Amino acid sequence: TYEVSFALPNNTALSKDLANPFNLKNTIDYSLAQSDSVYLIIYDQEGRIVKTLVEEFQEANYYHKIWDGLNNDNKPVPSGHYILKMATSNYSDSTNVTFLK
């Protein structure tokens, strides 16, 4: 018999390595070193919220979320550059997302 051990992340982090911009979906990877409330939000270049991907309490773990290019009204967004921001109670980071149709 053997025991399987899954290591939890050492750091809370937002991956800067996003999927191919020519794909109609972007996979966003992030990790939580401790359980916390998480906000993962896409903004346009003017700072307006385009899509709220995550707004909930999550356990420490590795996560991925897919953005399909739809806004909060489930309408397609135009091609362009967007800002992805991740925030928890003690972490905040952002990265650029390019969405091309």
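Reader: In what order do the 4 strands of the open sheet stand?

Author: Two strands pair if DSSP finds at least two bridges between them; strands are DSSP runs of E of at least two residues and helices runs of H or I of at least four, numbered from the N terminus. Here the open sheet has the order β4-β3-β6-β7, and its pairing is antiparallel. At its edges stand β4 (49-58) and β7, each of which pairs on one side only. From one strand to the next, the twist averages 15°, taken between lines fitted to C-alpha atoms in their N-to-C directions, on a scale from 0 to 180 degrees. The model is predicted, with pLDDT of at least 70 required for local features and 80 or more for side-chain atom pairs, while totals for chains, interfaces and linings use all residues. Residues are numbered from 1 along each chain as its sequence is written, and side-chain values use heavy atoms, without hydrogens and water.

Reader: Over how many bridges do β6 and β7 pair?

Author: Strand β6 (residues 80-88) and strand β7 (residues 91-99) pair over 9 bridges, in the antiparallel sense. The two strands form a hairpin, with 2 residues between them. Isoleucine 83 has asparagine 96 in β7 as its bridge partner. Strand β3 (residues 36-43) also pairs with β6 in the antiparallel sense, over 5 bridges; isoleucine 42 stands opposite leucine 84 of β6.

Reader: How many helices and strands does the protein have?

Author: The protein has 0 helices and 7 strands, so its pattern along the sequence reads β-β-β-β-β-β-β. For contacts (heavy atoms within 4.5 Å), those with a separation of 6 or more can be examined: residues 24 or more positions apart account for 53% of them.

Reader: Which residues have the most contacts inside the largest nonpolar core?

Author: Nonpolar side chains tend to be buried together in soluble globular proteins. A core is a set of buried Ala, Val, Leu, Ile, Met, Phe, Trp, Tyr and Cys residues joined through side-chain atoms within 4.5 Å. The largest one here has 18 residues, and Leu14, Leu40, Leu53, Trp67, Tyr82 and Leu84 have the most contacts inside it. Strands β2, β3, β4, β6 and β7 each give two or more residues to this core. Leaving aside neighbours within four places in sequence, tyrosine 82 is in contact with residues including Ile42, Val50, Trp67, Val77, Val97 and Phe99.

Reader: Is serine 31 buried or exposed?

Author: Relative accessible area decides: buried is under 20%, exposed over 50%, and partly exposed in between (1.4 Å probe, protein chains only). Serine 31, in strand β2 (residues 26-32), counts as buried because its relative accessibility is 8%. The side chain of serine 31 reaches the backbone oxygen of asparagine 11 at 2.9 Å. Beyond its neighbours within four places in sequence, serine 31 touches several residues, among them Pro9, Tyr62 and Met86. Of the 101 residues of the protein, 36% count as buried.

Reader: Where do asparagine 74 and leucine 100 lie?

Author: Asparagine 74 lies in the loop between β5 (61-67) and β6, and counts as exposed because its relative accessibility is 54%. Its C-alpha atom is separated by 8.9 Å from that of lysine 51, 23 residues apart along the chain. Leucine 100 belongs to the segment after β7 and, at 27% relative accessibility, counts as partly exposed. Between the C-alpha atoms of leucine 100 and serine 79, 21 residues apart along the chain, the separation is 4.6 Å.

Conventions. Polar contact = N/O pair within 3.5 Å; in protein donor to acceptor, adjacent residues only side chain to side chain.
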